Amino acid sequence: IPCDVIHIDPWWMGEPDNWCSLRWDETRFPNPAEMVAGLRERGLRLCLWENPYVAKSAPIFEEGHRRGYFVKDKEGEPYLIRAWSRVVPPVAVVDFTNPEAVSWWQALHRPLLEQGVAVFKTDFGEAAPEDGIYHNGMSGREVHNLYPLLYNRAVFEVTAEVTGQGVV
């Protein structure tokens, strides 16, 4: 079967309470670097699924919260949503109007790209809350259509930086 890309859905990060940490579940993938290298030797590239929402239970949530990298609610706390399923716990929305949050998100991708991951499926992004408080002062209504572009641009830029080819 002709094949160029292997796509792995979010389970590469483990259970939904670890989404979207952008860290391998090494129980399911005990040696991801070796796997990626083996795929490349066969002429295959790896695409990892992601989304811009971080589960409150994910290991990177506290860092994002402490540094103010999430869209905020009226109380100044991370705005938590149920993005797409009852299986996935409440998630915070990364605030791509905050340049520091963009840099943080890009830094989470860098080790995976350096490991040989070729591309990310930048899924979702349409759940930017209308009543959320954004770093740049825009309303959720204003950010709604801009949000997926900002999200995709962040990942596109770091992919271009590391691999020489900007693609999502």
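Is glutamate 130 buried, partly exposed or exposed, and what is its relative accessible area? In this predicted model, local features need pLDDT of at least 70 and side-chain atom pairs count only at pLDDT 80 or more, while totals for chains, interfaces and linings use all residues. Residues are numbered from 1 along each chain as its sequence is written, and side-chain values use heavy atoms, without hydrogens and water.

Glutamate 130 is partly exposed, with a relative accessible area of 48%; buried means under 20%, exposed over 50% and partly exposed in between (1.4 Å probe, protein chains only). Its side chain meets that of arginine 141 in a salt bridge (3.2 Å, N to O), a term that requires a side-chain nitrogen of Lys or Arg within 4 Å of a carboxyl oxygen of Asp or Glu. Glutamate 130 lies in the loop between strand E6 (119-122) and helix H4 (140-143), and arginine 141 in helix H4, so the pair ties together parts that are eleven residues apart in sequence. Helices (H or I, at least four residues) and strands (E, at least two) are DSSP runs, numbered from the N terminus. Arginine 141 is exposed, at 64% relative accessibility.

By this rule there are seven salt bridges. Among them, arginine 28 and aspartate 25 pair at 3.3 Å, N to O. Aspartate 25 is buried, with a relative accessible area of 16%, whereas arginine 28 is partly exposed at 36%. Salt bridges link Glu15, Asp25 and Arg28 in a network.

The chain as a whole comprises five helices and six strands. Of its 168 residues, 48% count as buried.
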